[in-house]
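Q: Could you walk me through this one? I'd like to go over some loops, a helix and the pockets.

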Amino acid sequence: MSTSNHCFVPPSQGDSRSPCPALNALANHSFLPHDGRRITAFQLMSVLREHYHISLPLAALLSLGGIFTCGRYFRIDLEDLALHNKIEHDASLTHANAFPNGKYAPVTVDKELLERLLDTSKDRNYMTFDDLVQVRAARNATLDRPLSKVHDIISRGEIALTTQLFADSEGRMPKQFIGEWFGEERLPQGWYKPATMIGLISTTRLANLVGKLIGKVLSSKKVD
C-alpha cells in the first residue's frame, strides 16, 4: 500500500491512542488526525472503507458503535475506546488486561504477548487463520471467567477482520505484516488493502467459525 504522502510517525506525548491497531495505524499515518482526537463517525467510516476496503454497512456498524458506546457529542478520542469493558475487553491478543477496577485498559503493546502471537506459528515467515484461532483460544483460557457474549463476539470478529485483511490466496499471513500492524501499529510495508471487500456477512461467518474452532481447541485441551 502506498503511504508515500502519509509516512508513519509514532504518536507524540499527548496524542490519543486506542487498544485497536487498525485505528492506531491510520492515526500514525495521519489518515485519521494524528493526535487521535475529536474524530467523527464520518471520518471513521471513510478511512475504514478507503484504506481497509471495509463495506459501508460494516464500517458504519464499527464507527457508529464505537462513537455511541464510548464517544461524546458524536465525536471520539481514540483513548475513549480503551474504556474497560465497553468495547475493549480482557484477553486481548497484544494488550495486557485492565487493572482491577481500572477505568481504562492499557493502550501500549505488550511485547511478551506480541512475541507469543508471532511464535504460535512454527513457520518462520507466515501465520495462518488456525494460528490466530489458537492464540485466541489460549488468551480465553487465561480468564477467570469467560468474556461476555458481546465481548466474545467482538474478540472473534477481530480474528475475522485480521484474517481478511492480511491472508493471501493460500490463507497465509506474513509475520512481517502481523508484527508491524499489531506491534508497531503501522500499515505494513508491502501490504495492499484486500481486493475483495470485507463485508458484514463474510465477517460474521468467519467469526462464527472462529467460535466453533475455539470450542474444539479448548475441549481437546480438557481431554488432554
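Q: Asn85 first: is it buried, partly exposed or exposed?

A: Asn85 counts as partly exposed, because its relative accessibility is 42% and that class covers what lies between buried, under 20% relative accessible area, and exposed, over 50%, with a 1.4 Å probe and protein chains only. Keep in mind that this is a predicted model, in which local features need pLDDT of at least 70 and side-chain atom pairs count only at pLDDT 80 or more, while totals for chains, interfaces and linings use all residues. Residues are numbered from 1 along each chain as its sequence is written, and side-chain values use heavy atoms, with hydrogens and water left out.

Q: Where is Asn85 found, and what is its phi near?

A: Asn85 sits in the loop between strand E2 (75–76) and H4, where helices (H or I, at least four residues) and strands (E, at least two) are DSSP runs numbered from the N terminus. Its phi is near 65°, a positive value in a residue other than glycine. Most residues other than glycine have a negative phi.

Q: What about Ala91, buried or exposed?

A: Ala91 is buried, with a relative accessible area of 0%. Ala91 has its place in the loop between E2 and H4, and its phi is near 65°, a positive value in a residue other than glycine.

Q: And what does His84 touch?

A: Leaving out residues up to four places away in sequence, His84 touches Asp90, Ala98, Gly102, Lys103 and Tyr104, where contact means heavy atoms within 4.5 Å. His84 and Gly102 are 18 residues apart along the chain, with their C-alpha atoms separated by 7.2 Å, and His84 has its place in the loop between E2 and H4.

Q: Where is Asp80 found, and what does it touch?

A: Asp80 is found in the loop between E2 and H4 and counts as buried at 3% relative accessibility. Not counting residues up to four places away in sequence, Asp80 touches Cys70, Gly71 and Arg72.

Q: Switching to H7, how many of its residues are buried?

A: In H7, 8 of the 10 residues are buried, so the helix is largely enclosed by the rest of the structure. Among the buried ones are Phe177, Ile178, Trp181 and Phe182, and what covers the buried residues of H7 includes H1, H2, helix H4 (111–119), strand E3 (126–128), H6 and strand E4 (172–174). H7 is followed by Glu185, whose phi is positive, near 55°.

Q: At what angle do the axes of H1 and H7 cross?

A: The axes of H1 and H7 come within 8 Å and cross at roughly 85°, with axes being lines fitted to C-alpha atoms, for helices over the stretch in contact, and angles running from 0 to 180 degrees between N-to-C directions. That makes H1 roughly perpendicular to H7, a term that covers angles of 65 to 115 degrees. Pro21, Ala22, Ala25 and Asn28 of H1 make the contact with Trp181, Phe182 and Glu184 of H7.

Q: OK, pockets: what volume does the largest one have?

A: About 1200 Å³ of space lies in the largest pocket. A pocket here, on a 1 Å grid over the protein atoms alone, is an open set of points where a 1.4 Å probe fits, with protein on both sides within 12 Å along at least five of seven lines, and lining residues have an atom within 4 Å of a point. Of the 44 residues that line the largest pocket, Leu62, Ile87, Ile154, Glu158 and Leu161 are the closest to its centre, and H6 supplies the largest share of the lining, 9 residues.

Q: Which residues lie nearest the centre of the second largest pocket?

A: His84, Asn85, Asp90, Leu143 and Arg145 lie nearest its centre, out of 17 lining residues, and the second largest pocket has a volume of about 400 Å³.

Q: Last one: where does Ile198 sit, and what does it touch?

A: Ile198 has its place in the loop between H7 and H8 and counts as buried at 1% relative accessibility. Not counting residues up to four places away in sequence, Ile198 touches several residues, including Tyr52, Leu58, Leu161 and Thr203. Ile198 and Leu56 are 142 residues apart in sequence and 9.5 Å apart in space, C-alpha to C-alpha.

Terms used. Points joined across faces, edges and corners; volume = space filled by probe spheres on them. Parallel < 35°, antiparallel > 145°, perpendicular 65-115°, else oblique.
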